[in-house]
Amino acid sequence: MASRIRLEDRECPLSTTVQHVGEWWTLLILHDAFDGYTRFDQFQESLGISSSMLTTRLKTLVEDGLLERRPYQTNPVRHEYVLTELGHSLRPVIVTLAAWGNSRLPAAERSMILVDAHSGQEVEPVVVDARTGRRLDDSDDYVFAAGPAAGDAMRSRYATRPGSPAVEA
């Protein structure tokens, strides 16, 4: 089957990220891992996922370096799936996706909310620029541009957009 990915998407960080975490079950497994689940049966019970699908998803998460598979029992051998540093780094993304979903619901219809672990107060996550602290949700103030490693297709994509900024080296 021919690939539906455009040439410039092969170097696009969004496209390559979606290859790793864009599948429905993957996000839900990671969410459970952030909640402390590590064992196959915990994931299966929580998600109601078939064992074959869960096996496939866990294997991919391990291959992608998001989870580490390690034995926790020797007779019979049983494994747990523990978040790696790379896996932990996805938590803000998952939190932000959940917050975005909640922002479209009335407060009474939210089945899960993010709270401060110490005060119990609901929090509202936002994505900000680390240097300035400014929110990144304004698409007039923050735009994508071709980066230093961009190929011709990516450079062309952003060169044709009105107001494309020059990238700082």
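## Basis of the values

In this predicted model, local features need pLDDT of at least 70 and side-chain atom pairs count only at pLDDT 80 or more, while totals for chains, interfaces and linings use all residues. Residues are numbered from 1 along each chain as its sequence is written, and side-chain values use heavy atoms, with hydrogens and water left out.

## Fold

The protein contains seven helices and two strands, arranged along the sequence as α-α-α-α-β-β-α-α-α. Helices (H or I, at least four residues) and strands (E, at least two) are DSSP runs, numbered from the N terminus.

Strand E1 (residues 67-74) and strand E2 (residues 77-83) pair in the antiparallel sense over seven bridges; two strands count as paired if DSSP finds at least two bridges between them. Across this pairing, Pro 71 stands opposite His 79 in E2. Most residues other than glycine have a negative phi, and most peptide bonds are trans. Gly 36, which follows H2, has a positive phi near 100°.

## Burial

Of the 169 residues in the protein, 21% are buried. Buried means under 20% relative accessible area, exposed over 50%, and partly exposed in between (1.4 Å probe, protein chains only). In H2 the buried residues are Trp 25, Thr 26, Ile 29, Leu 30, Asp 32, Ala 33 and Phe 34.

Helix H6 contains Ile 94, which counts as buried because its relative accessibility is 11%. Ile 94 and His 31 are 63 residues apart in sequence, yet their C-alpha atoms are 7.1 Å apart in space.

## Ring contacts

A pair of aromatic rings is described by the distance of the centres and the angle of the planes. The structure holds two aromatic pairs. Rings of Phe, Tyr and Trp (its six-membered ring) pair if their centres lie within 6.5 Å; planes under 30 degrees apart count as stacked, over 60 as edge-to-face and the rest as tilted. Trp 24 and Trp 25 form an edge-to-face pair, 6.3 Å centre to centre with 85° between the planes. Trp 24 has 60% relative accessibility, so this residue counts as exposed, whereas Trp 25 is among the buried residues of H2.

The pair of Tyr 37 and Phe 43 is tilted, with 6.5 Å between the centres and 50° between the planes. Tyr 37 is partly exposed at 30% relative accessibility, and Phe 43 is buried at a relative accessible area of 0%. There is also a charge over a ring: Arg 39 lies over the face of Tyr 72, at 3.6 Å from the ring centre. Such a contact requires NZ of Lys or CZ of Arg within 6 Å of the ring centre and within 35 degrees of the ring normal.

## Largest pocket

The largest pocket holds about 900 Å³ of space. On a 1 Å grid over the protein atoms alone, a pocket is an open set of points where a 1.4 Å probe fits, with protein on both sides within 12 Å along at least five of seven lines; lining residues have an atom within 4 Å of a point. Grid points are joined across faces, edges and corners, and a volume is the space filled by probe spheres set on the points.

The lining of the largest pocket has 29 residues, and Cys 12, Pro 13, Leu 14, Thr 17 and Phe 144 lie nearest the centre. Helices H1 (13-21), H6 (91-103) and H7 (152-159) each give two or more residues to this lining, with the largest share, five residues, coming from H1. By class, the lining of the largest pocket has 21 nonpolar, four polar and four charged residues. Ala, Val, Leu, Ile, Met, Phe, Trp, Tyr, Cys and Pro count as nonpolar, Asp, Glu, Lys and Arg as charged, and the others, Gly among them, as polar.

## Second largest pocket

About 600 Å³ of space lies in the second largest pocket. Its lining comprises 26 residues, of which Val 95, Thr 96, Ala 99, Trp 100 and Pro 125 are closest to the centre. Helix H2 (24-34) and H6 each supply at least two lining residues, and H6 gives the most, with nine. The lining of the second largest pocket divides into 14 nonpolar, four polar and eight charged residues.
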